[in-house]
Amino acid sequence: MKTLWSKTYHWINERVELDGLVEFMGKKYVPVNSHSIWYYFGGVSLFLFIIQVVTGILLLLYYKGGEALAFESIQFIMSKVQFGWLIRSIHSWTANLFILTALIHMFSVYFGKAYRKPREITWVTGMLMFFLAMGFGFSGYLLPWNELAFFATKVGTDIAGAVPVVGKPMMVFLRGGEEVTGATLSRFIGFHVAVLPGLFTVLLGIHLLLVQRQGMSEPLSYEEESPKERKTMPFFPNFLLRDMLLWLIVLNLLAILAVFFPWELGKKADLFASAPAGIKPEWYFLFMFQTLKYIPGKVFVFDGEVLGIMTFGLGGLLWLLVPFWDRKSSRGERNRFINYIGLFIVLYIIILTIVGWIL
Amino acid sequence: MAESTEPMDTQENRRDFLKYFLGGGLIAWLAAILYPMMAYLKPPKQAEVEVTSVKAGKVGAVEKDSGTIVRFGNKPVILLRNAAGEFRAFSATCTHLDCTVQYRKDMGLIWCACHNGRYDLNGRNVAGPPPRPLDEYRVVIQGEDILISKKA
Amino acid sequence: MNRITRMMMGIALLVCVSANALRAQDKCLSCHEATVGGQPVEMFKHDIHHAKGISCAGCHGGDSKTEEMDQAMNAKAGYIGVPKGDEISKACANCHANAAKMKSFGSNLPTNQFQNLQESVHGKLATNGKERIVQCTTCHNAHGIVAVRNASSPVFPLNIVKTCTKCHADAAFMRMYNPSLPVDQLDKYRTSVHGIRNAKGDAKVAQCASCHGSHDIRNAKDTKSKVYATNVPSTCAHCHSNAEYMKEYKIPTDQFDKFSKSVHGVALLTKHDLGAPACNSCHGNHAATPPGISSVSKVCGTCHALNADLFSASPHKKAFDDRKLPECETCHSNHEIIVATNKLLGVTSEAVCSRCHSEAQNAKGYAAAKAMRSLIDSLENNEKKASELVNEAEQKGMEISEAKYKLRDAHQARLESRTMVHAFNEGRFREVASKGLVVSATVSAEATDALDEYVFRRIGLGLATLAITILAISLYVYIRRIERRQAKGVQ
């Protein structure tokens with residue numbers, strides 16, 4: 001056993017110099033401090049993404065796109081295919097947990113100012129992946145072709161259509177026509193299983209490569225301490241094994257969620273039925289959805305909805321570019337202003353999500 | 001810590017013990033993951049999604065002057081073909097007490113066995129207790145396939 | 001017109017003081033009587049309007065106070081001659097739609113007749129397209145109008161039938177307006193209890209206007225019509241539930257109350273199911289009469305055809321006929337037909353079978369009734385059990401639409417067996433019932449499988465959790481070990 005293992009290692013090492021990689025890994029250290037817990041969320045997000053890829057591929061084996069069959073094929077997966085219920089429920093639950101962990105990961109990086117020089121590219125790729133994840137969520141939500149998804153997509157693309165100038169063509173592009181129809185479904189399948197995963201993989205590659213090359217960032221306050229007092233832990237095996245321990249727990253949590261709270265399928269979408277009461281988007285869109293509800297129809301000369309969408313768009317852009325305008329953090333100075341903004345946004349999202357959920 | 005003062009050999013034993021646990025746990029874990037995945041990959045008894053909910057068969061396979069019950073989601077639909085060869089489809093749930101209606105060639109009517117409710121070939125309740133006509137479904141002929149869908 | 005109005009006001013003021021004096025002043029009447037004479041003049045003398053002191057000018061315009069023909073019948077004095085078409089009804093409405101004016105004549109007649117007439121089916125345009133089909137005078141006559149209470153009025157209960165049929169029995173006339181409307185209502189009416197009594201001079205029984213209304217007659221398909229399906233019961237009940245009014249006829253007055261509680265009444269009045277029968281569905285419309293003993297099954301059979309057919313072919317048919325028992329009614333009663341439950345069947349004290357089939361006297365029928373009841377009970381119980389299992393499995397998140405679909409067949413078999421009871425043949429009944437029992441059993445089995453699967457999922461999860469927990473704990477211990485080693489190494 002042992003010899004086979006070392007022989008294989010040797011065979012590969014001769015060709016691609018694995019030694020260098022192992023040495024690099026062995027010398028890599030992860031800082032240990034009171035904020036260490038946040039370092040794990042990136043890894044958990046990665047793990048959830050892997051689960052999504054695996055369960056997604058499995059679902060694709062039985063899923064049939066198209067207005068006539070999408071709903072029925074999910075029904076088929078859930079009732080006829082062995083463990084189909086499990087795979088589908090895990091895929092749906094993981095999608096939500098993935099957004100959640102990615103969100104936590106993003107805010108921990110933000111508050112730790114880990115985006116500051118030299119990690120701007122890591123931040124930007126991460127943010128882009130987060131936007132893609134929302135795209136995954138939005139497109140994947142429609143694929144079962146059930147009533148709720150149908151109307152959520154209708155409302156969602158309607159909102160996209162309200163953007164001035166580019167909105168209308170964008171809506172038509174997303175819907176594959178003027179209305180949400182079977183054509184929209186075909187498109188969303190394309191986005192969900194080909195376009196988005198492709199883009200995501202490229203970004204993920206860059207992101208992970210940079211994390212490995214540059215190591216974990218430490219909060220500004222720790223840089224002031226003397227190097228001797230700064231505790232570290234080897235990335236391999238200590239940190240990686242801890243990561244895996246957490247992944248195991250997350251996997252178990254997913255299985256429990258899938259068994260005890262199986263993801264519902266609902267009623268098949270009927271293009272001509274009237275919308276059921278209380279149509280809501282997925283929870284991670286809820287704060288934006290709720291905000292648009294509260295904005296009055298007209299603000300000065302601007303259309304309220306357009307203004308809301310533009311504000312969110314601009315906010316997202318500023319957020320994406322935070323490493324470039326937060327010069328203070330990059331110089332290694334404290335920037336309380338950034339914390340206040342972040343805190344405000346976190347509170348805003350939490351409060352409006354709760355309000356949207358209850359109302 | 002207390003363990004560090006233990007003699008070396010007990011620690012080695014414990015390490016072996018731990019290795020068994022790690023290995024065994026890993027195998028059990030792999031089994032717990034791979035078993036559902038393998039079972040999932042095994043083609044189910046009914047190899048494909050039932051398509052009858054919309055595709056009601058081939059035009060050639062349906063006799064003239066006949067009616068068949070087709071499953072549409074969770075509801076039955078009656079597909080009628082009249083003597084002239086035209087297709088029509090209606091909900092097969094009797095509007096009286098939810099029995100399933102059938103086509104009666106001898107009467108030239110849609111008939112409900114439960115209370116003798118009768119509907120004409122336009123789905124209109126013409127005799128017996130049914131209070132409302134049957135809901136009509138749309139029939140589209142696409143090449144040789146008969147497609148049934150909900151009416152707007 | 002203005003002048004007429006003012007004049008009428010003057011008349012109104014004076015009418016109470018001296019109607020007689022005014023009548024004497026009606027120069028139109030006196031002059032016409034002397035010169036022209038004829039029917040209108042003679043009839044007007046008996047007219048209620050004449051009695052109230054309204055002159056010819058009241059409708060025809062002009063000045064009734066002058067003897068000079070040129071002045072009296074001058075357009076400047078408001079003279080309009082003989083009103084034509086809609087002008088007739090408008091002339092009547094001048095006063096009859098004006099509450100204050102009507103009051104001044106001491107009348108408390110309603111003032112909405114004109115409006116009602118315009119909205120009624122008779123208010124539609126006539127074939128010439130210029131006037132409405134019916135004017136006030138069509139039913140009330142022009143000269144010689146008397147109160148409805150007056151037996152000589154054309155709209156007096158005993159005369160009204162004749163007045164309406166003037167047009168409604170005239171097929172040629174009716175074809176112009178509604179070719180599909182029958183013209184035999186009078187013939188039918190004369191065969192009804194109402195029609196016979198009316199012919200004998202009973203003014204209290206229902207005639208045309210009692211059910212259809214007078215000025216506000218609407219098409220029977222108009223939801224506001226008094227004879228619209230959902231309104232029929234209350235229209236009939238207007239008299240038939242009035243104990244005081246019905247006293248002399250010595251018939252019950254609780255039919256409406258009973259009907260409202262019946263399966264038919266609930267369907268019609270609460271659920272607005274227009275397919276459900278109203279009074280007239282069983283008793284007839286114009287030929288309203290209680291169905292006879294032999295005809296009751298035909299009446300019920302118009303809707304409940306299968307039950308009636310099965311019954312007619314059953315051994316009960318002859319037995320009931322011999323004993324002069326009304327067929328459906330014997331078991332189901334008449335106005336207060338409640339939803340038939342299984343309780344009706346069998347040999348318990350509530351069951352109707354046991355009224356005739358006792359164990360001692362009719363052992364065979366007793367045994368059959370008992371067997372059928374037990375079959376239908378188990379059919380219902382098994383379907384209920386299967387449906388509960390399906391619901392439970394569904395609530396537990398199991399995909400069980402297939403079994404749910406099959407459950408429909410059990411439901412159908414139960415309903416069919418309920419109908420099949422009326423064949424009163426244990427063999428045929430058993431055949432239908434067993435179909436349902438088989439389906440219920442299959443569905444129950446599938447639902448039980450789904451519930452087992454539900455348990456299996458939890459056990460599977462438990463095992464997987466166990467594996468993960470073992471792995472996680474050993475991994476944790478392993479990490480601790482490595483780190484301790486590393487700590488030692490550093491030291």
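Reader: What makes residue pairs count as being in polar contact across the interface of chain C and chain B, and how many does the rule find?

Author: The rule finds five such residue pairs, both residues at pLDDT 80 or more, and they count because each has a pair of N or O atoms within 3.5 Å, where within protein one must be able to donate a hydrogen and the other to accept it, and residues adjacent in sequence count only if both atoms are side-chain atoms. This is a predicted model, in which local features need pLDDT of at least 70, side-chain atom pairs count only at pLDDT 80 or more, and totals for chains, interfaces and linings use all residues. Residues are numbered from 1 along each chain as its sequence is written, chains are lettered from A in the order in which they are written, and side-chain values use heavy atoms, with hydrogens and water left out.

Reader: How many salt bridges does the rule find across the interface of chain C and chain B?

Author: It finds zero, a salt bridge being a side-chain nitrogen of Lys or Arg within 4 Å of a carboxyl oxygen of Asp or Glu.

Reader: How do you know how many residues of chain C are in contact with chain B?

Author: Contact means heavy atoms within 4.5 Å, and by that rule 29 residues of chain C touch 34 residues of chain B.

Reader: What is the area that chain C and chain B bury between them?

Author: The two chains bury about 3000 Å², 58% of it on carbon and sulfur atoms, where buried area is the accessible area (1.4 Å probe) that two parts lose on being put together, summed over both.
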